[in-house]
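Student: I have a new structure open and would like to learn how to read it. Could you walk me through a few features?

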Amino acid sequence: MSNVEPDVLSRPYSSPDAHATPWSATLAVIGAAEVFWLTTVRADGRPHVTPLLATWSLDGLCFTTGGQERKALNLEHNPHCALTTGTNSLTGMDVVIEGVASQVDSGSEREQAVTDFERKYGAHLTAPDGTWYGLGKAVVAGDVRLYRVAPTVGFAFGKLPTSSQTRYRWPSR
């Protein structure tokens with residue numbers, strides 16, 4: 001759960017009978033989502049988009065990567081990024097979180113994020129035959145980069161049967 005609650009605003013592009021989506025409902029979508037899409041910007045200005053695992057931890061969205069992967073190189077140049085998730089259909093909700101990514105270096109914060117990743121992704125991270133088995137130990141040891149995206153603005157796009165657009169704005173930290 002988040003200790004820092006955003007301001008919630010309903011947007012003018014919503015259906016007339018739509019209401020702003022509470023942040024708790026958007027956090028539930030983030031918590032249930034298995035795949036996120038990270039958008040970063042290359043040094044020459046071209047976008048880079050890649051799927052990855054992410055979890056809400058440390059009051060932001062956390063993800064991992066290797067130091068020489070394109071997303072890490074892009075974030076060294078420009079830490080502004082966006083993470084998106086949702087449904088591949090006309091129903092449900094899509095979520096966008098924009099913010100600034102920074103590496104998490106504190107041992108206790110890395111351990112907390114790993115706990116949150118393992119709670120969310122379970123056997124994929126913890127079982128010996130899991131796709132990402134051993135990732136948690138690598139994160140805690142600092143062998144894999146852990147990033148936290150401090151959110152600045154976010155959106156929840158409710159789809160059919162009622163179209164809604166909610167904007168979240170976090171206070172400056």
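**Reading strands, core and backbone**

Tutor: Let's begin with a pair of residues: in strand β3, the bridge partner of T40 is H48. Strands are DSSP runs of E with at least two residues, helices are DSSP runs of H or I with at least four residues, and both are numbered from the N terminus. Before we go on, this is a predicted model, in which local features need pLDDT of at least 70 and side-chain atom pairs count only at pLDDT 80 or more, while totals for chains, interfaces and linings use all residues. Residues are numbered from 1 along each chain as its sequence is written, and side-chain values use heavy atoms, leaving out hydrogens and water.

Student: In what sense do β2 and β3 pair, and over how many bridges?

Tutor: Two strands pair if DSSP finds at least two bridges between them. Here β2 (residues 36-41) and β3 are antiparallel, with 6 bridges. They form a hairpin with 5 residues between them, and G45 in the turn has a positive phi of about 95°.

Student: Which residues touch the most other members of the largest nonpolar core?

Tutor: A nonpolar core is a set of buried Ala, Val, Leu, Ile, Met, Phe, Trp, Tyr and Cys residues joined through side-chain atoms within 4.5 Å. The largest one has 37 residues, and W23, I30, F36, L61, F63 and L83 touch the most other members. Contact means heavy atoms within 4.5 Å. Leaving aside residues up to four places away in sequence, L61 touches several residues, including I30, F36 and L83.

Student: What should I look for in the backbone?

Tutor: Most residues other than glycine have a negative phi, and most peptide bonds are trans. L58 has a positive phi near 60°, and D59 has a positive phi of about 60°.

Student: Are L58 and D59 buried or partly exposed?

Tutor: L58 is partly exposed because its relative accessible area is 21%. D59 counts as buried because its relative accessibility is 17%.

Student: Where is the cis peptide bond?

Tutor: A cis bond joins L160 and P161, with omega about 15°. P161 sits in the loop between β8 (145-158) and β9 (164-169).

Definitions and conventions: Buried means under 20% relative accessible area, exposed over 50%, partly exposed in between (1.4 Å probe, protein chains only).
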